[in-house]
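Please read them with the model open beside you.

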Amino acid sequence: MTVKTLLSEDRLPTRWYNIAPDMPAGSLKPPLNPATGEPVGPDALAPLFPMSIIMQEVSTDRYVDIPEEVQEIYKLWRPTPLIRAMRLEKALDTPAKIFFKYEGVSPAGSHKPNTAVPQAYYNREAGIRRIATETGAGQWGSSMALATQMFGMECTVYMVKISYQQKPYRRSMMEVWGAEVLASPTDRTNSGRAILEQDPESLGSLGIAISEASEDAATHDDCNYSLGSVLNHVLMHQTVIGEECRQQMEMAGVYPDIVIGCIGGGSNYAGLAFPFMRDRLAGERNTEFLAAEPSSCPTVTKGSYTYDYGDTLCSTPLFMMHTLGHDFIPPGIHAGGLRYHAMAPLISALVDQGLMSAVAYGQTEIFDAGVRFARAEGIIPAPESSHAIKAAIDKALECREKGEEKVILFNLSGHGHFDMSAYDQYLSGKLSDYAYPEEKIRESMAKIPKI
Ligand SMILES: *Cc1c(COP(=O)(O)O)cnc(C)c1O
């Protein structure tokens, strides 16, 4: 068996998979208008997104063609490799077979360009000249900077202040690709000014940055907003990962027993998992689906499944999802991409239906796992991805205990080359674990709207 499986270009996916029509009947609840409690129509999103993307958001077509221009750009780094982690298997002395799909080979170093590119494309087609967006760890902002540059558009990135300070090279990267990068909260938007008035020292959060970017888009005609995770169309664009991976696993002659990924908003995991979930929903397989999140932002393992806002300033419709409360601001952990108060409605519904489950890990144990992986397989993982690695290692050790030869597949969503200061802290023993912020979560949960 080959250790690394690649697809030839002529077998690259030409369509994305939309899981919505295959979801169990009644499991998807519509977004609601907070003022009326009624479902919002596509028009509600029109100030922010082009109609082509809004139609994807509500689409019930099982497959959507990938535009040719987007396919051409995907080919700059796709197909991404499917790698069997034989050295890790050996280090763990496990009978399990561990495979990972490596999305860190994209120019921005993560899975995020898979959706940034089509989002920029559809906006350019609709005559939009500039994209305003937010970024946590800087992965999404750099992906959008890359994508807008490729389509000759401008890009304004509201970067969560703690990351702006911790990850100066992510900012430089965005600037190389021509974006303007602002530390959020800024004094440029009403949302940013409102936060700064309450707390001039605010380190920001994804929720605040989303409020700022969406306000920028809503108040400028030639500018649209763009979101890097959570929404249905984003998860659908990411299924290019799983569609490729299914073919690669077939070439390797295996099918996963367990599909693992980290979840911040849910997009990289959905991207890998949904094409396999399709088989489970069709009753053809009984695959286990497991997602890993930080214990300091335990959206799925400790949050409620209920209607809540997608942003801190309550400017979005209400979505039915797992949430810790829209004004919950997680501690400044190094896995910045996993610091979001809520979870994609599609992922939340699958958890609610018992089709997938989640596990939460502390910061030190995920760095243990990341370093262990780097020493076996060479690749230095992003702290976000190390949550998936930790879950895969735990499953592989369970297999060792039970003598089971399961096939474990996980998504290595990105590399950690811009996270070396976090690795430094870990290696010098200065990395601390945050206690589960129970009190803060209780406070923010009390403010979830009552429907
Ligand atoms: C953004 C990011 C994540 C988390 O986002 P999802 O939408 O849950 O995928 C995970 N890994 C990496 C490398 C990221 O950049």
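1. A word on burial before we start: buried means under 20% relative accessible area, exposed means over 50%, and partly exposed is in between, with a 1.4 Å probe and protein chains only. By that rule Cys 297, at 1% relative accessibility, is buried.

2. Please keep in mind that this is a predicted model, where local features need pLDDT of at least 70, side-chain atom pairs count only at pLDDT 80 or more, and totals for chains, interfaces and linings use all residues. Residues are numbered from 1 along each chain as its sequence is written, and side-chain values use heavy atoms, with hydrogens and water left out.

3. Let me stay with the cysteines. A disulfide is a covalent bond between the sulfur atoms of two cysteines; here the criterion is a pair of cysteine sulfur atoms within 2.5 Å. The count by this rule is zero. Cys 155 is in no disulfide, as its nearest cysteine sulfur, in Cys 223, is 9.0 Å away. Cys 155 is also buried, at 4% relative accessibility. For Cys 297, the closest cysteine sulfur belongs to Cys 262 and is 12 Å away, which is too far for a bond.

4. On to charges. Side chains of opposite charge can pair when their charged atoms come close. Taking a salt bridge as a side-chain nitrogen of Lys or Arg within 4 Å of a carboxyl oxygen of Asp or Glu, the structure holds 23 of them.

5. A pair I would look at is Asp 216 with Arg 130, a salt bridge whose closest N and O atoms are 2.8 Å apart. Asp 216 sits in helix H9 (residues 206–218) and Arg 130 in strand S6 (residues 130–135), so this bridge ties together parts that are 86 residues apart in sequence. Helices (H or I, at least four residues) and strands (E, at least two) are DSSP runs, numbered from the N terminus. Both partners are on the buried side of the cut-off: Asp 216 has a relative accessible area of 7%, and Arg 130 is at 14%.

6. Two further bridges lie within helices. Asp 394 and Lys 390 meet at 3.1 Å, N to O; they are four residues apart in helix H15 (residues 383–402), or about one helical turn. Asp 394 is partly exposed at 28% relative accessibility, whereas Lys 390 is buried at 16%. In helix H17 (residues 438–445), Arg 442 and Glu 439 are three residues apart, again about one turn, and their closest N and O atoms are 2.7 Å apart. Glu 439 is partly exposed, with a relative accessible area of 45%.

7. Do also check Arg 78, Lys 101, Glu 103 and Glu 244, which are linked in a network of salt bridges.

8. Finally, the ligand. Counting a residue as near if one of its heavy atoms lies within 4 Å, 19 residues surround the ligand, and the closest are Lys 112, Ser 229, Gly 264, Ser 267 and Ser 413. Helix H11 (267–281) and H15 each supply at least two residues of this shell. The shell divides into four nonpolar, 13 polar and two charged residues, where Ala, Val, Leu, Ile, Met, Phe, Trp, Tyr, Cys and Pro count as nonpolar, Asp, Glu, Lys and Arg as charged, and the others, Gly among them, as polar.

9. For Ser 229, a side-chain N or O atom is 2.5 Å from a ligand oxygen.

Definitions and conventions. A polar contact is a pair of N or O atoms within 3.5 Å; within protein, one must be able to donate a hydrogen and the other to accept it, and residues adjacent in sequence count only if both atoms are side-chain atoms.
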